[in-house]
Amino acid sequence: MTDTGIGASVKRVEDQRFLTGNGNYTDDINRPDQSHAWILRSPHAHATLKSVDTSKAEAAEGVIAVLTGADMAADGVGGLPCGWQIHNKDGSPMLEPGHPPLAVDKVRYVGDQVAIVIAETRDAARDGAELIEVDYGVLDAVIDMDGALAGGSLVHDNVPNNRCFDWELGDKNGVDEAFSKADHVVSIDLVNNRLIPNAMEPRAAISEFDRSTGQYTLYTTTQNPHVIRLLMGAFVLQIPEHKLRVIAPDVGGGFGSKIFHYAEEAILTWAAGKVHRPIKWTAERSESFATDAHGRDHETHAELALDKDGAFLGLRVATKANVGAYLSTFGSSVPTYLYATLLAGVYTTPVIYAEVQTVFTNTVPVDAYRGAGRPECTYLLERLVNKAARELGIDPVEIRKKNMIQADQYPYQTPVALQYDCGDIPASFESALKAADYTGFEKRRAASEKDGKLRGIGISTYVEACGIAPSAVAGALGARAGLYESAQVRVHPTGSVTVFTGTHNHGQGHETTFAQLVSESFGIPIEHVEISHGDTDQVQFGMGTYGSRSLAVGGPAILNACNKVIDKAKKIAAHIMEADVSDIEFADGKFTVAGTDKEMAFGEISLAAYVPHNYPIEEIEPGLDENAFYDPLNFSFPGGAHICEVEVDPDTGTTEIVGFTAVDDVGRVVNPMIVAGQVHGGLAQGVGQAILEGCVYDDDGQLLTGSYMDYTMPRADNLPSFSVATQSVMGASNPLEVKGVGEVGAIGSPPAVVNAILDALAPLGVEDISMPTTSQKVWQAIQDSNVRQAAE
Amino acid sequence: MYQFNYQKAGSADEAASAVSSAEDGRFLAGGMTLIPTLKQRLAQPSDLVDLADVNDLAGVSDGGDSITIGAMTRHVDVATSNVVQSKIPALASLADNIGDPQVRNRGTIGGSVANNDPAADYPAAVLALNATVITNQREITAEDFFDGMFTTALEDGELITAVRFPVPDKAGYAKFPNPASRYALVGVMVAQTGGETRVSVTGAGQDGVFRAAEIESALSGSWSADAAKGVKMSDDGLNADIHASAEYRAHLISVMASRAVDAAG
Ligand SMILES: Cc1cc2nc3c(=O)[nH]c(=O)nc-3n(C[C@H](O)[C@H](O)[C@H](O)COP(=O)(O)OP(=O)(O)OC[C@H]3O[C@@H](n4cnc5c(N)ncnc54)[C@H](O)[C@@H]3O)c2cc1C
């Protein structure tokens, strides 16, 4: 056994270079003869491009070229594709208006790309951009979804009422029937606030074209280089894959926002082929705010039918989801299959019906952001269940327990397509209640009251679907790609190992976790393992990192490749030790012959594989280098319980989180320290969404929260010391028995926080508040409730 | 950034004349406000005259019933100065709550006062403590110095050399930070100096820092947190933005004033 195998809290090997400033990010890379780009962006949310005059810019000092949408169109460049086709209720496909990388005749959001200026320096490019004369025909902007659906102004002329699609899931009639028999109906209207992702590293790219080989190379800040190669090569630029190399070096955080194929990637790659110089572009922070795809942005009306004892009979949900000005790569799947399919949550609700309309607006595209659809779903359910508890006079713990799927009901088929493979939410819930000292809360509430503070406690119990995704299932639902993962395990002659994975590490610790899998499999120390990812010329293939899939889908691929290596190594060992293969045992890095004292070390076998002097050459090939592709049988379903405790200062409306307990079931835990870190990060983002973060556009489509002066990211002093624990039922849908941990924190926590705040404010008569629950909103809710109560 | 000429001045006089003789010259102090403005291409000065080497502009001196803080004194040096801590602890703690450590290590009192950001902290102290802004040309009272958002009585090329604070009998500062920027959404300084009570408010007013006469008279009657909290401020002339309505700011002024009184003791 090594002490760096599965279950060990190995320190993250990548942190050495990250923390000492030795990471190699896209902007750190400089190519010979490199030029620099500045992208001219629309200052208007909605306008026609009457004319774009680039002549002065082209003549400016240092400017190499100025290219516009017209030039791209002339070259036959395609639009940016959407990766998932959704169908309307009537079976017709969603409307997919064109998404030109550089705007052609219209701009549709503030920040939309108008032209690229390529120059000797970045400043010269920016100076050049200021000389471009654009005549904009300003149009009315549509920003809010109701206004957009009223259809006053059209974002795309061929999309009536700005509705991209009107989709449904579940049993409408069954739900109607359940409601007709219900003793109680509880309804709620909610907004899931729009978020701006804010990865630490802004997006960046370097493109290059080799005239001697016809080879294009793109360095880019992506979570999935092969997906970018596929989408950009096949759909946008028509560059065959063998002539296009995409490299995602170190990437400083993504949280979903770096999944998508962005316009700048295509613009730069295309432009490199025209100017025959490498071109670098790095977003300014303000560009990131304005042009990275945003997250969430739902408005939902939902109703829950209950019997007289509080058992759930049916759920009806109508959601409007903002997709922004264009459909981004996963813009259509997030508010549908990643959202409504989770509406059973952890409950046995027998019938569910959901309708989702997606709406184009003059805002930046909205797409996956940590949790992607599942936080929206969890927030809805957990707010609704709390409201039901209050209206029916049932304790929020009891109403949950009463309706919760029990451990012996797995596998559990929900009424909204998914089959939960395994789990035990009641157990996590029990542990969380205990860890949070739920029963001691009233005492703490009384103590806070003495200090003039309002104390509240809030619960969220959740399940999510990740490990994305079984390809056949995803395909049947409209995915335009497979969602398996691949791995290559290359054992070198001296027994060290390089693993090539198609997932991508941008802060999650894969270089450690994945190496632990290999350390465990081969019984070698982790220092002998290198994890390589991010370069399409090195890694055979991959679908990348998102949807908490890397370990759940990428891990089994590595494991399977390791097993292939062991199988082959056993044959070599059998030959050399003159034994039958069936007598070869492999443990702790040693091949032994059963019943004898013969043994060979892992490194001796690998050497034999590459120096095959004494070798079963008629039976097997030399070398020790194996490949595996893994397609999961099902999603995996992490879940758990989050309990938040807050103190509200009624004088200012300020909320302090005084306690946060999370008990999550993430399946097998490979590295407990990394798992805790992932949960902490997710909780920070969940608290951010609940209390602090909210994107605001004004009525003209100008981004009011376009910098850290106005957009509130969570900081250390906004957060408590979290109490996190895992309580796992081993995953049932993959051989590693893992489930996924990247998103659970952000999925489970927002409703726990908001329920806690509402609990604190309940004595004052406050019944509703919307995220982010800023101090101003809390204060206002108290004032409004005072006024209401005075009037009554 | 656009191109500009850069020079380091060796003395206050040299700095002032360099700025005056430039086509569009600007002093560079800590750069915490000016540099981001340049990076965003929101300003295009022809010359930057760096004050970093003008040693006699930095430092705190004890004048008995007043203290004088050189314009180039960094926030961290005000926060940790023994003189400031013992004579006007409210000012030390105000400085200690500006921005983050990086900002406090670079930003200066002169830059902050010259900039007169309507959400900055120092203007509240200058006004409530009835300080005097000293320039290379004259002395300007606090009342005359601040002239609306981002506007001051400074003439082109006029250099702040120091700020002189009379030592109050007691003073306290309470800040309700903007959740995003952590500048003051509402900051209130209360001070009693030789029988006079002054209360100033930053962050809230459409015209920048101002004195809250209602709270001043309430505190003159009874120096207590409750007296301050009991004042209902009008929201006339207060800012409203995505972070706070004028009504909320008005409410916070009374609450912060009461906390400032508590802090003053
Ligand atoms: C992240 C961040 C957070 C911040 N948070 C806060 C906060 O919470 N509270 C707060 O009050 N401030 C805050 N600030 C502002 C900070 O206090 C700055 O230090 C201050 O606004 C400007 O001071 P400076 O020395 O950096 O001046 P500079 O940026 O160098 O100059 C600012 C302006 O003043 C002029 N100037 C500078 N010195 C003189 C002088 N001696 N005479 C005449 N004109 C002069 C310059 O020409 C320029 O126009 C923050 C800044 C940042 C970047």
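How far apart do the C-alpha centres of domain 1 of chain B and domain 2 of chain B lie? They lie 25 Å apart.

This is a predicted model, in which local features need pLDDT of at least 70 and side-chain atom pairs count only at pLDDT 80 or more, while totals for chains, interfaces and linings use all residues. Residues are numbered from 1 along each chain as its sequence is written, chains are lettered from A and ligands numbered from 1 in the order in which they are written, and side-chain values use heavy atoms, with hydrogens and water left out.

**View 1. The interface of domain 1 and domain 2 of chain B.** Domain 1 covers 5–50 and domain 2 covers 58–264; the bounds come from an automatic or database domain assignment. Nine residues of domain 1 and 14 residues of domain 2 take part in the contact (heavy atoms within 4.5 Å). The two domains bury about 820 Å² between them, 70% of it on carbon and sulfur atoms; buried area is the accessible area (1.4 Å probe) that two parts lose on being put together, summed over both. On the domain 1 side, B:Phe27, B:Ala29 and B:Met32 lose the most area, together 48% of what that side buries.

**View 2. Composition of the domain 1 side in chain B.** Zero salt bridges are found across this interface (a side-chain nitrogen of Lys or Arg within 4 Å of a carboxyl oxygen of Asp or Glu). Helix α1 (residues 12–21) gives the most to the domain 1 side, with four residues; helices (H or I, at least four residues) and strands (E, at least two) are DSSP runs, numbered from the N terminus. By class, the domain 1 side has six nonpolar, three polar and no charged residues. Here Ala, Val, Leu, Ile, Met, Phe, Trp, Tyr, Cys and Pro count as nonpolar, Asp, Glu, Lys and Arg as charged, and the others, Gly among them, as polar.

**View 3. The salt bridge of A:Lys274 and A:Asp75.** The N to O distance is 2.6 Å. A:Lys274 belongs to helix α8 (residues 263–275) and A:Asp75 to the loop between α3 (69–74) and β4 (106–107), 199 residues apart. A:Lys274 is partly exposed, with a relative accessible area of 38%, and A:Asp75 is partly exposed at 42%. Buried means under 20% relative accessible area, exposed over 50%, and partly exposed in between (1.4 Å probe, protein chains only).

View 4. A:Lys320 forms a salt bridge with A:Asp146 (2.6 Å, N to O). A:Asp146 is partly exposed, with a relative accessible area of 43%, whereas A:Lys320 is buried at 19%. Other residues that A:Lys320 touches include A:Met145, A:Leu149, A:His298 and A:Gln357. The C-alpha atoms of A:Lys320 and A:Thr300, 20 residues apart along the chain, are separated by 6.3 Å.

**View 5. The salt bridge of A:Arg455 and A:Glu647.** The side chains meet at 3.3 Å, N to O. A:Arg455 lies in strand β18 (residues 454–463) and A:Glu647 in strand β26 (residues 639–649), so the pair ties together parts that are 192 residues apart in sequence. A:Arg455 is buried, with a relative accessible area of 12%, and A:Glu647 is buried at 13%.

**View 6. A network of salt bridges in chain A.** The linked residues are A:Arg41, A:Arg203, A:Glu264, A:Glu287 and A:Asp292. Over all chains, the structure holds 63 salt bridges.

Notes:
Lists of a residue's contacts leave out its neighbours within four places in sequence.
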